[in-house]
Every structure is written in structure tokens, then in C-alpha cells.
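Trainee: I am new to this model and would like a close look at one part of it, taken slowly.

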Amino acid sequence: MGNLMSYSGLATKIRAMQSRLLTDAQYRELAEQKSVPQAVAWLKQRPAYEHTWASLSDAELHRGRIEQLLVNSIYEDFAKLYRFANVGQRKFLSLYFRRYEVSIMKDCLNKIFDHRDVDLDLSLFKPFFDKHSQLDISRLTASASIEEFVQNLKGTDYYAPLASLANLKEPTLFDYEMTLDLYYFHTLWKTKDKILKKRDLEEITRACGSNFDLLNLQWIYRSKKYYHMASADIYALLIPVNYKLSRRETAALVEAENMSLFESLLAQTYYGRRFARLGTDTLEEMYSWIMKHILLQETRKDPYSVACIYCYLYLKEHETDRLTTLLECVRYGISPDETMQYISKS
């Protein structure tokens, strides 16, 4: 009864928001639009986007502006959930919010390492981050060097892990991005036990644990298949969390002598046994499918729990990723059939 009472209002709000997510039929209809202006006009008629996109003019239909508006729709939905949440639920949302901070910092780092005068306009996000974040967006976007960027993080939790990279001879963009990712994953895994209890903790442990296992599987596969990395270097990339993928299995996959052995070992893992379609050729597309399956299953089991929050935010972020891909397909005149194949893999 306690969970029902504390989550009833928020769960009702989430169901209403979830009903506005696009269906497969709507993705198909959008893919059939003949141009980006037509596709944007179509989106403006959808309840989830009509407010955010109302002022978008034809002159602003470049990729950067559209992606900003899509990302901002995630932040707007997050803010709606935060307003409806009680004190306990806000603790989880504040922890989850760190993924958005990491995303913004990666944008800034890409600008710095690109060594070009890139116009990184994050003004659309500033009011939201001023309210919810420990980051100073204006200072970070104005950073002209990596040293200045790291100094502008002083006073935040991100300063120490990034400052430690100065000990490397020539840290790369990959080093900085991976450090941010691993710090976020470690913080999420460690902090969840302090802010969640009982059923909520079980659900987030399953969701996060599965997520980390699947990401590690992808990184091991990519590192071996495309970059031919040494085992020691692969271990350094992995999230230091084992859920259904044991340390022994992880080590065996990392040390696999060839991709045939990797495929055989993958089939023997929990995920290989649980999901018959999972293989080296389906790892990336199955990642999204498995995460969606797990989160929807948890939500159906207990709709009045933290699972409904995590599930909605995942589905919303997944939708914006798909829309980004779909709109680019429309921009380049890719057929609707091929476009649907692309987004089905995302």
C-alpha cells in the first residue's frame, strides 16, 4: 500500500506521457515524409513535440538545431517527472540526472579536441541545468582548452577523476569520455543501495546490472573485432560491475583467441541462454531490445515503483535516438523501408 500511495500520482503522469511516445506505425508514417520540413511539420502535430517545436522555422532545420530540440524534449520530460516526484523519488532522479551532465560534458570535450571554432550553443539547456545541475554550462562551453575545462569543473564531483588524467602522457578524447562514463556507472551502482530500498532497489539493481553487463559485452566485442586490442587494454574499458555476467565469464570473453570462440562463450552466458537471438552479429540491436524487455517487464510486475520512472526515461531517450536517425534518413532521401531497418537496429 505504501508504494501505491507514494507512486500513484507519478505513475499516472508517466502513463499519460508514455501514451504520447511514437508507435511503429507512426515511425513509418514519418519515414514516408519527402523532406525534413515535411517531417518536422509532422512532428509539430504530435502532442509530445508541438510545444517544443512550435517556434522552429525552416531556417533552423539544420541537424544541430533539431538534435538540440530532441534532447531538450528529454530534459523537459525529466523536469515534469521531478515536479511530480516526492523527496525519495527525487533522490533517484537526481542520481539518474548525472547521465545528462555527462552528455553535456562530452559535447564540450568534443568541441575542444576538434580544434575548430565550433558553435556549441547550449543556451537551450541552460535554464534547466541552472536549476538541476552542479555544472556551470556557460563556463564549460566557453572553455578553450582541456586544462581550462577541467579547472571549470572545480567544486563538482567530476573534477577529481578528470584532473587525474593529467598524469597520462597524452590523454585523448576517448580517455576523457571513458573516465566520465565509468565514473557515472560506478556512482550509480554504489549510490543506489543508499537511496533505494526493498522492491525499488531490486528493480534498479536488475535494470542497471543488465545494462552494465550488456555494455561490457559490446565493448569487449568491438575491442576485439574492430580494434584488435590487447586484453589488458580491454579490461581497462570495462565497467567494474558483474551482475549476471560473472568475472570468470568476462575474463574468458576478453581472452578469447578468436571471434568463433567469443561467439561460443557468449552463447553460454546468461544472456546467450536467455535470449536466443543474441549473437555477435546482433549484439548492438539486441541491447536496446533486451533493455526495453527488462524495463517493461519490471514495470508490469510493479507499476507503482521506481521501475516506471527508469522505464519511461529509457523509452524517451530511445525515441529521440531513433528520431535523430530517422530525420537524417529523410534528409538524405533514404527509402522508408531502409529507414525502418536502420531504426529497428537502434
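Trainee: How many nonpolar, polar and charged residues does the lining of the largest pocket have?

Mentor: This is a predicted model, in which local features need pLDDT of at least 70 and side-chain atom pairs count only at pLDDT 80 or more, while totals for chains, interfaces and linings use all residues. Residues are numbered from 1 along each chain as its sequence is written, and side-chain values use heavy atoms, without hydrogens and water.

By class, the lining has 21 nonpolar, eleven polar and 14 charged residues (Ala, Val, Leu, Ile, Met, Phe, Trp, Tyr, Cys and Pro count as nonpolar, Asp, Glu, Lys and Arg as charged, the others, Gly among them, as polar). The volume of this pocket is about 1900 Å³ (a pocket is an open set of points on a 1 Å grid where a 1.4 Å probe fits, with protein on both sides within 12 Å along at least five of seven lines, and lining residues have an atom within 4 Å of a point). Of the 46 lining residues, R99, S103, K106, E317 and D321 are the closest to the centre of the largest pocket.

At least two lining residues come from each of α5, α7 (98-114), α12 (173-195), α13 (198-225), α18 (283-301) and α19 (helices are DSSP runs of H or I, at least four residues, numbered from the N terminus). The largest share, eight residues, is supplied by α5.

Helix α5 also meets α19: residues including R63, E67, I74 and L81 in α5 are in contact with a set in α19 that includes Y312, E317, L323 and R331 (contact means heavy atoms within 4.5 Å). That contact of α5 with α19 comprises ten nonpolar, three polar and seven charged residues.

Notes. Points joined across faces, edges and corners; volume = space filled by probe spheres on them.
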